[in-house]
Amino acid sequence: MTTNRINDFTIKIATVNGTGSASANTLLMKSIFRSGIPVMGKNYFPSNIQGLPTWYEIRISRDGHVARSGSVDLMVAMNAETYSRDVKEVAPGGYLVYDSTWPRPALLGRGDITVLGVPLARMCNENFNGVRTRILTKNICYAGVLAALLDLDLERIRELLAETYAKKPHLVDSNMKAIGLGYDYARQNFACPLPLKVEKMDRTAGHIMIDGNTAAALGCLFAGATVAAWYPITPSTSLMDAFKGFCDRTRIDPETRAKRFAFIQAEDELAAIGMVIGASWNGCRAFTATSGPGISLMNEFLGLAYYAEVPAVVFDIQRVGPSTGMPTRTQQCDVMECAYASHGDTRHVCLYPANPEECFYMAAQAFDLAERLQTPVMVLSDLDIGMNDWMCRELKWDDAYRPDRGKILDKAQIEKLEKFQRYLDKDGDGIPYRTLPGVHPKGAWFARGSGHSQYGTYTEDSTEYQIVLDRLMKKWDTAKKLVPRAVIDATAGGDVGIVSLGSCDSAIHEAMAILKARGVGVNYMRVRSFPFSEDVERFLAAHRVLFVVEQNRDAQFRALLTLETAVEKSKLRSLLHYSGLPISSSFIVEGVLAEVLPTPQPQPKDAGAACSAERPDRLSGPAGLPPRTAGGTAT
Amino acid sequence: MTFIAKPKVVHPSLPRNVLGLVRRDYEGALSTLCAGCGHDSITAAIVEACWRGSIEPQNLVKLSGIGCSSKTTAYFVSGAHGFNSVHGRMPSIATGASAANRRLTYIGVSGDGDTLSIGLGQFCHAVRRNLDMLYIIENNGVYGLTKGQFSASADIGSKAKKGETNFQPPIDPVLLAMNLGASFVARSFSGDKRQLVPLIEAGLRHRGFALIDVLSPCVTFNDHEGSTKSYAYTREHYEPAVQADFVPPEREITAEYGAGEALPVTMHDGSRIMLRKLDEAYEPTDRAAAQARVQERLRSGEYLTGLLYLGREGDADGARPEFHQINGTPEEPLNSLPYEALSPGSEGLAKLLARYR
């Protein structure tokens, strides 16, 4: 352990799901956040209701790193079933807190860590009545132990409990009693605080702790979405729950009680996307949220929306595949599926948010793009972004915002037309005009997935068919100018770069800082959308070696880059993380260092040229060894 | 297929409806179906019903899936928007469209393959949601576009054109819809315009899900001897049980109906359905009794037709809240709400974020 661990360590809490540990964990994380210290919380939970192992990781980082750290300094082992693996995971010099009501000397035999036994169950059994209450308070009790060990502010904890139980004040007292039991026991029996401790900072002002699904739901609310159709699937469900919650708070007419939204639980994902398409076609902003299996089912309809040119917004909160996979673990494994969902020549606009803050803004942007381009827009979040608590800047809304409804003709405009022609490229940007039902008989058109001419009529004529298909490609080129740019950091100079997308971002930033400290400078491009804009092409062209970091086995993003840009395949090295846990910085650091030698004394003339040209045999790619992966090495 | 293009000129003597429109204003593109196809008769009945009902063309929304029947939405009311969606998925498009604008009139045209095989799930759920639409099944027991495979409505013992016999029991959409709580369930025959037109008129006005299963023979693949969906077989085995005449609010009930002969049912918009029993034993406003009778006659190979079940307001197991009532949406269509009524603004955002600080 390094000397100064104040505000720089990771706690992991192992419990059994369904025992109320989530509230204790949130309480701990939030109290640290409110003390001004950057923090993140990640939940590694089973696909189960009650009784299986679950872990919660809290990383405290004075430097603001919010990725998974990859190591554990303090383990709270509350689950006898996972004791042995939990003990192994503690870093040398670390600590282990466990329930010593049932002592387990044999299991805990590690000389290089400090074991702190607390008789949590016994204390709770002596002080509380009822089986369920005892189980719940036992979890709150360990929060009290940690409060003493880490020197947390008890007043902050009371304040948070008071907010949580504003309507049930008696619960504040019983929770504080349990906290007190753990707190006092730790103070009496251990040297508190530990060297790992929390000290007040002021680095969280102007920030919030929010998960990506909640933020995306807020984005939909502010974009003016009125129709939400969905079929329940982990890990997307909380997005829809949040949207309904926000609508219930802000969209119910105070007088008539009428709901200014339709929230429809569909019979399956096929119906959910059908409803979104039907509502969008009829002039509402409509969306659905799902995960990979749902996208698979939606493929047919997505092709229809692409070809009939109907807007739709789809949130894909990616989880581990293939098939049912591991529903409560994270991956970026739908990159390819979303880009070309459906049969035939079909391609979709995709947005890749990196954190909850971007989920919020990109949600709103997705509706503008879908309506402007008259096409489905897929927002590819993932379980890590969607369901974990992230510290991000407070979300802001510009009151001057008005939805971009795209090229919709109103009654007066239709009236003036001699004839309405649905798929004609009048403006040369590949985007035709559309009309809504119920406006004017002259504006009527027939949406269909079968072959159609630029005038909207059924066709089986090759030329007429091709005119529409080519015009759709022109629209795709227009999309390139409208989608969010890549975020590029080229301050390191030189010709080595990292290319990535989505939730890898925080780990990459941390990795770059570590690499820089070791004398390796790398540039970084985070792609935020598909189709790729010109800046993506330029960045790829300007680098000799590019590490493509992504969270799937098949290097899907790398494949998309090679398909859709002019980049030479041999320049791309894949760093693939697909264990189901969020990517950590150490994985990236190791991956880069395996290919690139640190420059012990940077040359002033060529500071960034840190790539090792003399070791091409260690490089991955078509000519080299297989890519470095982290599959199966769940840590 | 009809090859003769119709002249555009409207003769001044043609009758006009309340909106001043002639029947021709409710027509669509030329049909590309086989000559003699039952579906074309249904299209003609829809044109007649829309004209009689004085529906503003732009306020009608036509929805369909895939198949011969689904093509027909292009053949009527060209002034209405149409959506020819994907196979078996029309109900979900209709659900979304209805959610966006509750003021329009939704008509879905589907077939027995589209509804009872690939789209069975979506059909059932549209009934459960009591979606405010008229859903017409053009039922011919066969897959036409793919040349003659049995559909899920083919009867046991029915013979395909190529000779094989069907041994699987049919799925009957009428019984299914009654079971799932539909409040307007009818069966008719494409060859019986007198029965069909008022059913479509009433179905278009009915609040909630209205089903009309129309037996509509396929002249090319299912009109042979041994088929139970041929013209000849249908004419012999269809049995009108309840004649439903539609009387719009502006028209008075004529003396044609003697006391006790017809049961008037007033609809939510003031129009009336006059139910006239042709089968004395039939009870069209009693769900359980109607179901039992339809099933009993089906067992003897007879198709009861007419408005087979009408759930009235106030009847036990009668009319249920429709989709928008269930969802509590406002009277004005969701797609007409101004952005200001939807966004809580920056101040609202700050309030919503309080618990995340």
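## Strand E18 of chain A

A:Asp489 has A:Tyr524 as its bridge partner in E18(A). Helices (H or I, at least four residues) and strands (E, at least two) are DSSP runs numbered from the N terminus, and two strands pair if DSSP finds at least two bridges between them. This is a predicted model: local features need pLDDT of at least 70 and side-chain atom pairs count only at pLDDT 80 or more, while totals for chains, interfaces and linings use all residues. Residues are numbered from 1 along each chain as its sequence is written, and chains are lettered from A and ligands numbered from 1 in the order in which they are written.

E18(A) pairs with strand E16 (residues 487-489) of chain A in the antiparallel sense, over three bridges. With strand E17 (residues 496-501) of chain A, E18(A) runs parallel, joined by five bridges; here A:Val499 stands opposite A:Met525. Strand E18 covers residues 523-527 of chain A, and five of its five residues are buried, so the strand is largely enclosed by the rest of the structure. A residue is buried if 20 or more other C-beta atoms lie within 10 Å of its own, exposed if 12 or fewer, and partly exposed in between, with C-beta atoms placed from the backbone. In a regular strand the side chains alternate between the two faces of the sheet. Both faces of E18(A) are covered, with A:Asn523, A:Met525 and A:Val527 buried on one side and A:Tyr524 and A:Arg526 buried on the other.

## A seven-stranded sheet in chain A

An open sheet of seven strands in chain A has the order E9-E8-E10-E11-E13-E12-E19, with mixed pairing. Its edge strands, each pairing on one side only, are strand E9 (262-265) and strand E19 (529-530) of chain A. Within chain A, strand E10 (residues 286-290) pairs with strand E11 (residues 312-318) in the parallel sense over four bridges. A:Thr290 stands opposite A:Asp316 in E11(A).

## Domains of chain A

The domain assignment divides chain A into domain 1 (8-189), domain 2 (210-393), domain 3 (411-482) and domain 4 (487-629); such bounds come from an automatic or database assignment. The centres of domain 2 and domain 4 of chain A, taken over C-alpha atoms, are 30 Å apart.

Across this domain pair, 21 residues of domain 2 of chain A are in contact with 20 residues of domain 4 of chain A; contact requires C-beta atoms, placed from the backbone, to lie within 7 Å. On the domain 2 side, helix H11 (335-339), strand E12 (349-351), strand E13 (376-382) and helix H13 (383-387) of chain A each supply at least two residues. The residues of this side comprise 14 nonpolar, four polar and three charged. Ala, Val, Leu, Ile, Met, Phe, Trp, Tyr, Cys and Pro count as nonpolar, Asp, Glu, Lys and Arg as charged, and the others, Gly among them, as polar.

## Interface between chains A and B

Chain B places 49 residues in contact with 58 residues of chain A. Strand E2 (81-84), helix H3 (90-100), helix H5 (120-129) and helix H11 (345-352) of chain B each supply at least two residues of the side that touches chain A. H3(B) gives the most to that side, with eight residues. By class, the side of chain B has 23 nonpolar, 23 polar and three charged residues.

B:Asn84 in E2(B) is the bridge partner of A:Arg448.

B:Ala97 lies in helix H3 of chain B and counts as buried, with 31 C-beta neighbours inside 10 Å. Not counting residues up to four places away in sequence, B:Ala97 touches A:Gly278, A:Ala279, A:Trp281, A:Asn282, B:Val61 and B:Tyr106. The C-alpha atoms of B:Ala97 and B:Leu63, 34 residues apart along the chain, are separated by 9.7 Å.

## Chain B as a whole

Chain B has 11 helices and 12 strands. Of its 357 residues, 52% count as buried. Among contacts between residues at least 6 apart in sequence in chain B, 72% join residues at least 24 apart.

Along the principal axes, the C-alpha atoms of chain B fill a box of roughly 75 × 50 × 50 Å. The radius of gyration of chain B is 21 Å, which agrees with the value near 21 Å for a compact globule of 357 residues; the radius is taken over C-alpha atoms, and the globule rule is 2.2 Å times the number of residues to the power 0.38.

## Confidence in chain A

The average pLDDT of chain A is 92, and 93% of the residues score at least 70; pLDDT is the predictor's confidence in each residue, from 0 to 100. Over residues 601-626 of chain A, pLDDT stays under 50, and the model has 47 contacts beyond four places in sequence for this stretch. Residues 631-635 of chain A also have pLDDT below 50, with nine contacts beyond near neighbours in sequence. Where pLDDT is low, the predicted coordinates should not be read in detail.

Note on methods
Contact = placed C-beta atoms within 7 Å.
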